[in-house]
Amino acid sequence: MTEEDPGGKRGPAPDDPQADEPTTSPPVLVWCEVCGKEQMTSAEEAFNEGWDFAGPGGTYPAGVVAPRTCGGCTIDKTVWWRLTVERTPVTGLTERERGIIARILNEPAQRDETS
Ligand SMILES: [Zn+2]
């Protein structure tokens, strides 16, 4: 039980431990095209969890067709694999796979809040 001084006004502490926390990487939305998992995380954490993702701090530059996978999925299930390794023409892709490409190409470098 702590009683705070009701009249005491707290000014902004210059060295607030929370404000001082180093936030080097901005939040990123990572997603897995194989299992459909999405996660709001930091680039650092995503990397540590084995995500393949694009954008700042990511494995690939944004807007380039590359694998988008979580730590539990393998790239041989990705559209990138279909195109690059299996050499499937875009016309041979399924509707779902084309949707994934569209999503990759439209992927903003920063997170998109309007979705
Ligand atoms: Zn996955």
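This is a predicted model: local features need pLDDT of at least 70, side-chain atom pairs count only at pLDDT 80 or more; totals for chains, interfaces and linings use all residues.
**Exercise 1. Pair the strands.** Work out how β1 and β2 run, and what V30 stands opposite.

*Solution.* Take β2 as residues 38-42. Five bridges join β2 to β1, and the two strands are antiparallel. Now find V30: its place is opposite Q39 in β2. Turn to the hairpin of these strands: six residues lie between β1 and β2. There, G36 has a positive phi near 85°.

**Exercise 2. Sort the faces of β1.** Decide which residues of β1 lie on the covered face and which on the uncovered one.

*Solution.* The covered face is V28 and V30. The uncovered face is P27, L29 and W31.

**Exercise 3. Find the centre of the nonpolar core.** Name the residues that touch the most other members of the largest nonpolar core, and the elements that give two or more residues to this core.

*Solution.* This core has 16 residues. V28, V30, A46, W51 and F53 touch the most other members. The elements giving two or more residues are β1 (27-31), α1 (43-48), α2 (79-84) and α3 (95-106). Follow W51 next, setting aside its neighbours within four places in sequence: W51 is in contact with V30, A46, T69, C70 and G71. As background, nonpolar side chains tend to be buried together in soluble globular proteins.

**Exercise 4. Classify E86.** Is E86 buried or exposed, and why?

*Solution.* First place the residue: E86 sits in the loop between α2 and α3. Then count: E86 has 9 C-beta neighbours inside 10 Å. The cut-off for exposed is 12 or fewer. E86 therefore counts as exposed. Finish with a distance: D76 and E86 are 10 residues apart in sequence, and 9.4 Å apart in space from C-alpha to C-alpha.

Conventions: Residues are numbered from 1 along each chain as its sequence is written. A nonpolar core is a set of buried Ala, Val, Leu, Ile, Met, Phe, Trp, Tyr and Cys residues joined through C-beta atoms within 7 Å. A residue is buried if 20 or more other C-beta atoms lie within 10 Å of its own, exposed if 12 or fewer, and partly exposed in between; C-beta atoms are placed from the backbone. Helices (H or I, at least four residues) and strands (E, at least two) are DSSP runs, numbered from the N terminus. Two residues are in contact if their C-beta atoms, placed from the backbone, lie within 7 Å. Two strands pair if DSSP finds at least two bridges between them.
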